[in-house]
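Please keep the structure in view while reading.

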Amino acid sequence: MWLLAAVAVRPAPAQEVDPMALVRAAEEAIKGKTSHAVLEMTVVTPDYRRTRRLEAWWEGNEKALIVTLEPPREAGNRTLKRGNELWMYLRETETTIKIPPSMMLQSWMGSDFTYDDLVRESNPVRDYHIRLLRTDTLNGVPCYVLELVPKPEAAVVWGKLLYWVRRPDRLPARIEYYSEQGERVRTFTFHDVRRMGGRRLPTRWVMHNEREPGRYTEIRLLSVEFDIPIPEEIFSFRALEQ
């Protein structure tokens, strides 16, 4: 599932572009060593629209606690990630459930994100061969388009990724996820770049489900802090069931 100043730079010739550095910069732009955010997640389908307000704490890719604040009937539900393991606490029944490996590709909270998205230590620089495919213009902004193909030893679920990085500020703009059969399964787009949490970053993220037309999940950052101290107890089972 979060460096930069907006400086105008002259686009470098293709042979001077380091594809790995582009992806690393885009990933670091929306992440930090630690982060704390309040956000809205809206799931849209042809039949309904459902919004939740969430509060989340992250420590790199290793630990996370996500708490539902609204709607009232779901307030207090929590998701805890520690390493590659995931637990959910349901306030209404006061039960804690460990998510088994067989459920990792299922929807998280009815959204177009999966449990695997939360658990997997996403590291494109480590797990993929990266090459500059072409340049493009997306929503009026010039972008580099990179192709990411999994390394043979990498434990990833995608056949390849296409990754758009904005040329002026190295922010992520779009990621397309393809199956091993070459089918585009999801498209992740980034919008509304502005300053928040001491850096410029996209503040609206949309995951489009290509297999179900009209279905997508939108995340809006309401507030975010980066690189702050987070007490270890935030990621404890006590906090999960509090």
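**Salt bridges and a buried valine**

Asp 192 is partly exposed, as its relative accessible area is 39%. The model discussed here is predicted. In total, the structure holds 21 salt bridges. Side chains of opposite charge can pair when their charged atoms come close.

**Asp 192 and Arg 220**

- The side chains of Asp 192 and Arg 220 form a salt bridge, with an N to O distance of 4.0 Å.
- Because Asp 192 belongs to strand S11 (residues 184-196) and Arg 220 to strand S13, this pair ties together parts that are 28 residues apart in sequence.
- Arg 220 is partly exposed, at 36% relative accessibility.

**Lys 63 and Glu 232**

- A salt bridge joins the side chains of Lys 63 and Glu 232 (2.9 Å, N to O).
- This pair links distant parts of the chain, 169 residues apart: Lys 63 is in strand S3 (residues 63-70), and Glu 232 is in the loop between strand S13 (216-226) and helix H4 (237-240).
- Lys 63 counts as buried at 16% relative accessibility, whereas Glu 232 counts as partly exposed at 38%.

**Asp 127 and Arg 126**

- The side chains of Asp 127 and Arg 126 also meet in a salt bridge (2.9 Å, N to O).
- Asp 127 is buried, with a relative accessible area of 13%, while Arg 126 is partly exposed, with 43%.

**Val 43**

- Val 43 lies in strand S1 (residues 34-44).
- Val 43 is buried, because its relative accessible area of 1% is under 20%.
- Beyond its neighbours within four places in sequence, Val 43 contacts several residues, including Tyr 48, Gly 110 and Thr 217.

Note on methods
Residues are numbered from 1 along each chain as its sequence is written. This is a predicted model: local features need pLDDT of at least 70, side-chain atom pairs count only at pLDDT 80 or more; totals for chains, interfaces and linings use all residues. Side-chain values use heavy atoms; hydrogens and water are left out. Helices (H or I, at least four residues) and strands (E, at least two) are DSSP runs, numbered from the N terminus. Buried means under 20% relative accessible area, exposed over 50%, partly exposed in between (1.4 Å probe, protein chains only). Contact means heavy atoms within 4.5 Å.
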